[in-house]
Amino acid sequence: MVPATGSTSKDDCYYAPCLAGTFMTNTGCQQCGDNTFSGPGASSCTNCPDDKASPAGSTSGDDCYYVPCSAGRFMTDSGCQQCRENTFSGPGASSCTNCPDDKASPAGSTSGDDCYYVPCSAGRFMTVVLMTAHGFTCRIYFYR
């Protein structure tokens, strides 16, 4: 507590304004917690926007940063977005990877293991094709 100039009693004392990264409580200044921030003289801390985090004692919204994306998602300028169908990503990705040709995957896939061969249409069957990058192909089935 700081005494006021010319004070004559303890009732004239007051708390000095808190520094940035802290806020005023009934007992003095307290550090802002994780994922919050404050400017100087604050009476409370402000939460970082959704999908952003900050260390304890942060002094401005500029200290808030995007949390790395989980697998199946990728980072954009506006935060994490789910990978679309036929793509996948691991944790912390900045983009999604396409499944190999002739393979598909559901949206939000987390690895190449999620990519599967697309079933053949009626009247066709899957065969192994050597000497191609695809490995499998659908051939027409003729009934004899």
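Residues 130-134 have pLDDT under 50, and for this stretch the model has three contacts beyond four places in sequence. Here pLDDT is the predictor's confidence in each residue, from 0 to 100, and contact means heavy atoms within 4.5 Å. For the chain, the mean pLDDT is 84, with 79% of its residues reaching 70 or more.

A few ground rules before you dig in. This is a predicted model, in which local features need pLDDT of at least 70 and side-chain atom pairs count only at pLDDT 80 or more, while totals for chains, interfaces and linings use all residues. Residues are numbered from 1 along each chain as its sequence is written, and side-chain values use heavy atoms, with hydrogens and water left out.

**Strands 7 and 8**

- Strand 7 (residues 73-76) runs antiparallel to strand 8, and four bridges join them; strands are DSSP runs of E with at least two residues, numbered from the N terminus.
- These two strands form a hairpin with two residues between them; two strands pair if DSSP finds at least two bridges between them.
- Within this pairing, arginine 73 stands opposite glutamine 82 of strand 8.

- Most residues other than glycine have a negative phi.
- Asparagine 35, although not a glycine, has a positive phi of about 65°.
- The loop between strand 2 (28-31) and strand 3 (36-37) holds asparagine 35, which is partly exposed at a relative accessible area of 35% (buried is under 20%, exposed over 50%, partly exposed in between, with a 1.4 Å probe and protein chains only).
- Asparagine 86 also is not a glycine, and its phi is positive at about 70°.
- You will find asparagine 86 in the loop between strand 8 (79-82) and strand 9 (87-88), partly exposed with 32% relative accessibility.

**Serine 109 and its surroundings**

- Serine 109 sits in the loop between strand 11 (103-104) and strand 12 (116-117), and with a relative accessible area of 4% serine 109 is buried.
- Its side chain makes a polar contact with the side chain of serine 105 at 3.4 Å; such a contact is a pair of N or O atoms within 3.5 Å, where within protein one must be able to donate a hydrogen and the other to accept it, and residues adjacent in sequence count only if both atoms are side-chain atoms.
- Setting aside neighbours within four places in sequence, serine 109 is in contact with Gly72, Thr87, Phe88, Ser89 and Asp114.

**Aspartate 102**

- Aspartate 102 belongs to the loop between strand 10 (97-98) and strand 11, and is partly exposed at 41% relative accessible area.
- The C-alpha atoms of aspartate 102 and tyrosine 116 are separated by 8.3 Å, with the two residues 14 apart along the chain.
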